[in-house]
Amino acid sequence: MARSSRWSKEDRSKLLKMVRDGIPEQQVRDHFSTTDAKGKSRGMSAVEFAQQFKQAMVETGEIKQASRQKTPEKKTTYQVTATGRLTISDFSELTGAKEGETYVLESPRGRSKAWRLVSVAS
């Protein structure tokens, strides 16, 4: 669950104006102070400054937030022949294996159901 910001939209617009006027970040952070759990006043942290500055730029329309477009993972399927052989045509591309290398198929260990293809040291 996202927590609410300590600073309002008006505060963020003031922050953006101060940055544009050339006021150093440390002075801006000191200006926007808040109270900690013990009731003491503390300045805005650098992380909070960055978050509020970015949010202010989003609110003014200078930068746009777009949801990340996830590309579907391309899966290659391989088929086992009637004689029990598996042909992987792109094996060297996927693993970087060189011609002539040999591998051993190891059965799953423990609760795992994954078979392992381990190269044999020459």
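Which side chain does the side chain of Q52 make a polar contact with? The partner is the side chain of R12, at 3.0 Å; a polar contact here is a pair of N or O atoms within 3.5 Å, where, within protein, one must be able to donate a hydrogen and the other to accept it, and residues adjacent in sequence count only if both atoms are side-chain atoms.

## Ground rules

Keep in mind that this is a predicted model, in which local features need pLDDT of at least 70 and side-chain atom pairs count only at pLDDT 80 or more, while totals for chains, interfaces and linings use all residues. Residues are numbered from 1 along each chain as its sequence is written, and side-chain values use heavy atoms, with hydrogens and water left out.

Q52 sits in helix α3; helices (H or I, at least four residues) and strands (E, at least two) are DSSP runs, numbered from the N terminus. With a relative accessible area of 9%, Q52 is buried. That label means under 20%, with exposed being over 50% and partly exposed in between (1.4 Å probe, protein chains only).

Leaving out residues up to four places away in sequence, Q52 touches S5, W7, R12, L15 and M44. Contact means heavy atoms within 4.5 Å.

R29 belongs to helix α2 (residues 25-31) and is buried at 17% relative accessibility. A polar atom of the R29 side chain lies 2.8 Å from the backbone oxygen of M44. Not counting residues up to four places away in sequence, R29 also touches G43, S45, A46 and F49 besides M44.

G43 is in the loop between β2 (41-42) and α3, and it is partly exposed at 30% relative accessibility. Apart from neighbours within four places in sequence, G43 is in contact with R29, F32 and S33.

## Two aromatic pairs

A pair of aromatic rings is described by the distance of the centres and the angle of the planes. Rings of Phe, Tyr and Trp (its six-membered ring) pair if their centres lie within 6.5 Å; planes under 30 degrees apart are stacked, over 60 edge-to-face, and the rest tilted. By this rule there are two aromatic pairs. F49 and F53 are stacked, because their ring centres are 5.9 Å apart and their planes are at 5 degrees. The two are four residues apart in helix α3 (residues 46-60), so about one helical turn separates them. F49 is buried at 9% relative accessibility, while F53 is partly exposed at 23%.

F91 and Y103 make an edge-to-face pair, 5.4 Å centre to centre with 85 degrees between the planes. F91 lies in helix α4 (residues 91-95) and Y103 in strand β3 (residues 103-106), so this pair ties together parts that are 12 residues apart in sequence. Y103 is partly exposed, at 30% relative accessibility.

## The second largest pocket

F91 turns up again in the lining of the second largest pocket, along with G84, R85, L86, I88, L105 and L117. By class, that lining has five nonpolar, one polar and one charged residues. Ala, Val, Leu, Ile, Met, Phe, Trp, Tyr, Cys and Pro count as nonpolar, Asp, Glu, Lys and Arg as charged, and the others, Gly among them, as polar.

## Across the model

T35, in strand β1 (residues 34-35), is 70 residues from L105 in sequence and 62 Å from it in space, C-alpha to C-alpha.

Terms used:
On a 1 Å grid over the protein atoms alone, a cavity is a set of points where a 1.4 Å probe fits but cannot get out, and a pocket is an open set with protein on both sides within 12 Å along at least five of seven lines; lining residues have an atom within 4 Å of a point.
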